[in-house]
Amino acid sequence: MQQYQFDKIYSQMEKEFGKIKRGEEDFHNMMFFALESNLLKVHRQHPSSNSRRLREALALALFHIRSKYTGEPVSLDNFRNEDNERLEHALLMAFDPFTNADLRADIDAESHIDLTNCAIRRRYYEEPVLCLLRLKESVDTWEKRMGSNGYFDFAESIIGPQVTGDDMTYVLIELQP
């Protein structure tokens, strides 16, 4: 895979899932808080996992999601490094039952979500994809305004005081029948 193909994941996923309109972010606050608090925790421990690496991590997470609902694996080792991999893992821990064992246990115990069904998996990932795409826009905006670590500087100023500890948080997504 070439860099161009790697970067195209954002437009491909936006075409397939849509995007959150400006002003409608509040409907997604639970997911945003889980994603952003996990990211801040990683960034605090590893400052080299910065905004630039976050943009890469977002793409890696989107490819991970797509492979989970299509069943088509993608080799991304050429794009993965220690810094973006930490951030990718933090993102996935917020919603992905194939990454987060506690979340998987909650889904299995409290939900009627059949994770063996690819169509249901696709529906399950709708909310995270929308939020990841919106986060990418935010990263781009804050990098332009504040430099290479702009997103994390912004996030620290907004939710930093609410983010404590090292444990990853997650959201249990409920699908409507």
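Biologist: What pattern does the chain follow, read along the sequence?

Modeller: Reading along the sequence gives α-α-α-α-α-α-α-α-α, with 9 helices and 0 strands in the chain. Helices (H or I, at least four residues) and strands (E, at least two) are DSSP runs, numbered from the N terminus. Mind that this is a predicted model, where local features need pLDDT of at least 70 and side-chain atom pairs count only at pLDDT 80 or more, while totals for chains, interfaces and linings use all residues. Residues are numbered from 1 along each chain as its sequence is written, and side-chain values use heavy atoms, with hydrogens and water left out.

Biologist: How do I read the packing of α3 and α9?

Modeller: Start with the axes: they are lines fitted to C-alpha atoms, for helices over the stretch in contact, and angles run from 0 to 180 degrees between N-to-C directions. Helix α3 (residues 29-45) packs on helix α9 (residues 150-159) at about 115°, with the axes 10 Å apart. That makes α3 roughly perpendicular to α9; the classes are under 35 degrees for roughly parallel, over 145 for roughly antiparallel, 65 to 115 for roughly perpendicular, and oblique for the rest.

Biologist: Which residues make that contact?

Modeller: Contact means heavy atoms within 4.5 Å. From α3 come F33, E36, S37, L39, L40, H43 and R44, and from α9 come Y151, F152, A155, E156 and I159. An α-helix has 3.6 residues a turn, so residues three or four places apart point the same way.

Biologist: At what angle do α2 and α4 cross?

Modeller: Helix α2 (residues 9-17) and helix α4 (residues 51-70) cross at roughly 50°, their axes coming within 10 Å. That makes α2 oblique to α4. On the α2 side, I9, Y10, Q12, M13, E16 and F17 meet R55, E56, L58, A59, L62, F63, I65, R66 and Y69 of α4.

Biologist: How far does α8 reach?

Modeller: The expected span is 1.5 Å times one less than the number of residues. Helix α8 (residues 126-146) has 21 residues and reaches 30 Å from first C-alpha to last, close to the expected 30 Å. After α8 comes G147, with a positive phi near 100°.
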